[in-house]
Amino acid sequence: MLLVLDMGNTNITLGVFEGDKLLLQSRIATDRTKMEDQYAVELMDLLRLYKLEVTAFTGAILSSVVPPLNHALCGAVKKATGLTPLLVGPGTKTGLNIRIDNPATLGADLLVGAVAAVDAVGYPCIVWDLGTATTVSVVDKDGAYRGGAIMPGIQTALSALASGTSLLPQISVDAPDKVIGSNTISCLQSGAVYGNAALIDGMNTRIVEELGYDAPVVVTGGLGREIAPQCRSQVQYMGELLLDGLRLIYEKNKK
């Protein structure tokens with residue numbers, strides 16, 4: 001079995017694969033105050049909860065956008081499974097040609113998502129990840145990662161509104177019945193859902209114009225399931241995109 005972990009700013013998403021079959025997907029909170037042993041205990045408890053034997057693991061891989069926690073989480077995986085995880089970063093084989101100003105600065109999550117999207121839909125492709133930040137990555141018709149854009153995440157923006165204003169509350173991100181909200185909650189929901197769907201549609205149009213050719217669009221991330229159906233352009237939601245990408249990268253790099 002293969003253990004894959006994607007550490008974001010809010011959550012650590014983990015998966016367990018047997019071959020290309022995903023047996024388990026779960027999340028634990030990203031907490032910068034936790035020590036290596038605490039993460040190890042959480043990881044072992046989670047595997048025990050799902051009745052998975054740690055001795056059955058033959059490999060592990062980690063992508064991270066929280067470098068200060070890399071050492072702790074790698075150590076936790078080692079203590080829980082006896083395996084040192086492959087850490088996605090410069091020098092990791094991906095099969096993509098990274099054509100940005102400084103390839104070493106490319107976020108591991110963006111790279112992993114692009115690898116999985118190319119495997120799923122081919123290239124060119126446009127990849128949206130709706131998490132703590134909303135990101136878009138572009139892979140061109142030659143299979144080269146060209147770059148993209150970064151925006152505040154939906155929940156991040158809503159939290160900023162709630163904390164920075166006196167009258168705007170925290171809300172759940174659900175699609176309201178109408179675009180034109182008739183109360184504060186429905187107005188906030190309309191902006192969060194339909195506003196971000198329109199953002200994706202508009203950016204896709206501009207990206208395609210800049211590329212000079214069409215490209216399929218893949219959407220992933222925690223809120224992607226809610227936003228993707230509201231897009232006017234054709235998009236494909238893939239909730240397990242980053243986990244699949246980690247599995248693919250591990251296969252390319254294992255000895």
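Two strands count as paired if DSSP finds at least two bridges between them. By that criterion, in this predicted model, strand S7 and strand S10 (residues 217-220) are joined by four bridges and run parallel. One of the contacts in this pairing is that of Val127, whose bridge partner in S10 is Val218.

**The six-stranded sheet**

S7 and S10 belong to an open sheet of six strands, ordered S6-S9-S8-S7-S10-S11, with mixed pairing. Strand S6 (97-98) and strand S11 (236-237) stand at the edges with a single partner strand each, so one side of each has no neighbour in the sheet. Strands of a sheet pair through backbone hydrogen bonds, in either the parallel or the antiparallel sense.

S7 also pairs with S8, here in the antiparallel sense and over six bridges. The two strands form a hairpin with two residues between them, and Trp128 stands opposite Val136 in S8.

Six of the six residues of S7 are buried, so the strand is largely enclosed by the rest of the structure. In a regular strand the side chains alternate between the two faces of the sheet. In S7, Cys125, Val127 and Asp129 are on one side and Ile126, Trp128 and Leu130 on the other, and both faces are covered.

Helix H5 (residues 184-211) lies across S7, strand S8 (133-139), strand S9 (144-152) and S10, and runs at about 150° to S7.

Pro124 is in the loop between helix H3 (108-121) and strand S7 (125-130).

**Strand S4 and its partners**

S4 is mostly covered, with six of its six residues buried. Gly59, Ile61 and Ser63 are on one side, and Ala60, Leu62 and Ser64 are on the other. S4 pairs with S1 in the parallel sense over six bridges, and with strand S5 (residues 86-87), also parallel, over two bridges.

| Pair | Sense | Bridges | Example of facing residues |
|---|---|---|---|
| S7 and S10 | parallel | four bridges | Val127 and Val218 |
| S7 and S8 | antiparallel | six bridges | Trp128 and Val136 |
| S1 and S4 | parallel | six bridges | Val4 and Ile61 |
| S4 and S5 | parallel | two bridges | Leu62 and Leu87 |

The 14 residues of H1 should span 20 Å at 1.5 Å a residue, and the end C-alpha atoms are 20 Å apart, which agrees. Seen down the axis of H1, the buried residues fall within an arc of 130°, so they line one face of the helix. These buried residues are Tyr39, Ala40, Leu43, Leu46 and Leu47. They pack against strand S1 (2-7), strand S2 (11-18), strand S3 (21-29) and helix H2 (70-81). Arg48 and Leu49, on the other side of H1, are exposed.

H1 is followed by Lys51, which is in the loop between helix H1 (36-49) and strand S4 (59-64). Phi of Lys51 is near 55°, a positive value in a residue other than glycine. Most residues other than glycine have a negative phi, and most peptide bonds are trans. Exposed means over 50% relative accessible area, and Lys51 counts as exposed because its relative accessibility is 73%.

**Helix H4**

In helix H4 (residues 154-164), Ile154, Leu158 and Ala162 are buried. Seen down the axis of H4, they fall within an arc of 60°, so they line one face of the helix. What covers them includes S7, S8, S9, H5 and helix H6 (224-227). The face turned away from the buried side carries Ser163 and Gly164, which are exposed.

**The nonpolar core**

The largest nonpolar core has 30 residues, and those with the most contacts inside it are Val4, Ile61, Val88, Leu96, Val139, Tyr145 and Leu241. The elements giving two or more residues to this core are S1, H3, S7 and helix H7 (241-253). H3 gives the most, with nine residues.

Leu96 touches Leu111, Ala114, Val115, Val118, Val139 and Gly143, leaving aside residues up to four places away in sequence.

Technical notes. Residues numbered from 1 in each chain as written. Predicted model: local features only at pLDDT ≥ 70, side-chain atom pairs only at ≥ 80, totals over all residues. Heavy atoms only, no water. Buried < 20%, exposed > 50% of the residue type's maximum accessible area, 1.4 Å probe, protein only. Expected span 1.5 Å × (residues − 1). Arc of directions from axis to C-beta. Contact = heavy atoms within 4.5 Å. Axes fitted to C-alpha atoms, helices over the stretch in contact; angles between N-to-C directions. Core = buried A, V, L, I, M, F, W, Y, C linked by side-chain atoms within 4.5 Å.
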